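Please find below a short note for the file. The comments are set out as numbered points.

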There are 2 protein chains.
Amino acid sequence: MSKSTNIIWHKAAITRERREAKNGHKSIVVWFTGLSGAGKSTLAHAVEDRLHDMGYRTFVLDGDNMRHGLSSDLLFSENDRRENIRRIGEVSRLMMEAGIVTLAACISPYRADRQLVRNSMPLGDFIEIYCRASIETCEARDVKGLYHKARTGQIQNLTGIHSPYEAPENPEMVIDTDKLSVKESVELVINMLSGKLKLLNQDSDCFKTIK
Amino acid sequence: MSKSTNIIWHKAAITRERREAKNGHKSIVVWFTGLSGAGKSTLAHAVEDRLHDMGYRTFVLDGDNMRHGLSSDLLFSENDRRENIRRIGEVSRLMMEAGIVTLAACISPYRADRQLVRNSMPLGDFIEIYCRASIETCEARDVKGLYHKARTGQIQNLTGIHSPYEAPENPEMVIDTDKLSVKESVELVINMLSGKLKLLNQDSDCFKTIK
């Protein structure tokens with residue numbers, strides 16, 4: 001076999017399963033949906049803190065941050081919102097494939113779009129958490145000042161004010177963020193995830209010496 | 001402090017540095033550029049095999065695969081090619097942030113686009129490897145049959161035939177894939193990377209018991 005034919009025949013051998021074995025834990029996508037101000041990012045980061053301390057590889061895909069990077073070419077029309085969700089879904093899937101417990105926090109207002117993301121992943125690997133808080137609570141918090149801007153006509157496309165939010169019908173979990181503290185919410189999520197993340201044993205590569 | 005104000009104040013604490021410490025190694029982006037058939041994917045996967053066995057967390061972002069997923073809405077116009085590279089660059093950056101040694105394999109024909117990706121990352125974190133093979137060699141290999149399709153008019157936008165490939169002027173490495181075997185190429189890349197990846201010591205979280 002010549003060198004030049006040889007180079008084109010190599011096949012990939014590193015799979016998600018091998019990455020999970022090395023890490024000592026399963027990967028998964030946890031998707032936080034809800035109104036702006038419902039506490040999605042806060043909860044995702046707080047859950048990440050706990051998981052990291054427990055030994056998991058984690059990453060938070062924050063909808064706001066993605067708007068500055070991967071989705072910087074998109075605005076807030078219905079089509080652009082759908083495309084934004086699709087991209088965050090694709091990156092979540094890649095991250096999961098890379099062995100990471102991926103925490104996506106984005107409003108993702110449309111049920112059909114979240115379903116498309118769910119369908120793109122193996123059964124059971126997409127965990128939807130609905131961060132539920134009334135529009136009144138979210139508007140009272142108004143961390144980013146978006147509700148004020150919406151009420152005074154400075155922005156035109158805020159979910160819950162100008163465009164609909166379609167609540168999940170069968171999410172894996174509902175967290176009432178206007179009733180629970182962050183600490184209480186994290187406990188609920190961690191307890192639910194611990195059954196799904198299947199920590200692997202310490203024979204994993206992770207515990208062997210790096211050469 | 002009320003529960004509802006509490007929930008919006010939490011700040012993220014898990015950084016790239018903490019993820020690298022847990023993994024026991026630095027993260028980085030290695031970008032393989034070159035003509036179709038130059039051996040980019042083959043080399044990226046072969047390098048991944050070696051790095052995985054050495055204990056690194058790795059992932060290959062393959063340009064062809066991305067066309068089925070994240071970039072499935074794009075075609076092969078100059079603008080769409082630029083957008084494709086931009087997205088692969090953004091995902092590479094996120095993966096690196098997540099602690100992964102990220103190997104991107106895509107033609108990425110335009111110098112300016114590769115430079116934009118490089119500029120989006122901290123200095124020294126973007127390693128460009130030019131997989132160099134003559135158009136004659138690539139056309140003779142024609143693994144995917146693209147050159148045949150181009151010559152017979154079935155496709156209109158093949159780099160090197162219908163549209164230009166702008167070779168890197170100062171890549172971190174050039175691999176002459178029409179002269180070297182895959183094994184020889186992998187050795188060169190691994191030797192070059194080993195100086196940059198800075199394996200951390202075994203006090204990392206990776207070697208502690210997962211709770």
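1. The structure is a predicted model, with an ipTM of 0.88 and a pTM of 0.89. Chain A has a mean pLDDT of 88, and 88% of its residues reach 70 or more. Residues 1-10 of chain A have pLDDT below 50, yet this stretch has 20 contacts in the model beyond near neighbours in sequence. Residues 202-211 of chain A are likewise below 50, with 23 such contacts. Where pLDDT is low, the coordinates should not be read in detail.

2. In chain A, helix α5 comprises 20 residues, 78-97. From its first C-alpha to its last it reaches 29 Å, close to the 28 Å expected at 1.5 Å a residue.

3. Chain B contains an open, parallel sheet of five strands, ordered β2-β3-β1-β4-β5. Strands β2 (58-62) and β5 (173-176) of chain B are at the edges; each has a single partner strand, so one side of each lacks a neighbour in the sheet. On average, neighbouring strands are turned by 20 degrees against each other, direction ignored.

4. Within this sheet, β1 (residues 28-33) and β3 (residues 101-105) of chain B are joined in the parallel sense by five bridges. B:Val30 has B:Leu103 in β3(B) as its bridge partner.

5. Two helices of chain B deserve mention with the sheet. Helix α5 (residues 78-97) of chain B lies across β1, β2 and β3 of chain B, at about 165 degrees to β3(B). Helix α9 (residues 182-197) of chain B packs on the sheet and touches β1, β3, β4 (126-132) and β5 of chain B; its direction makes about 165 degrees with that of β5(B).

Note on methods. Residues are numbered from 1 along each chain as its sequence is written. Chains are lettered from A and ligands numbered from 1 in the order in which they are written. This is a predicted model: local features need pLDDT of at least 70, side-chain atom pairs count only at pLDDT 80 or more; totals for chains, interfaces and linings use all residues. pLDDT is the predictor's confidence in each residue, from 0 to 100. Two residues are in contact if their C-beta atoms, placed from the backbone, lie within 7 Å. Helices (H or I, at least four residues) and strands (E, at least two) are DSSP runs, numbered from the N terminus. The expected span of a helix is 1.5 Å times one less than its number of residues. Two strands pair if DSSP finds at least two bridges between them. Axes are lines fitted to C-alpha atoms, for helices over the stretch in contact, and angles run from 0 to 180 degrees between N-to-C directions.
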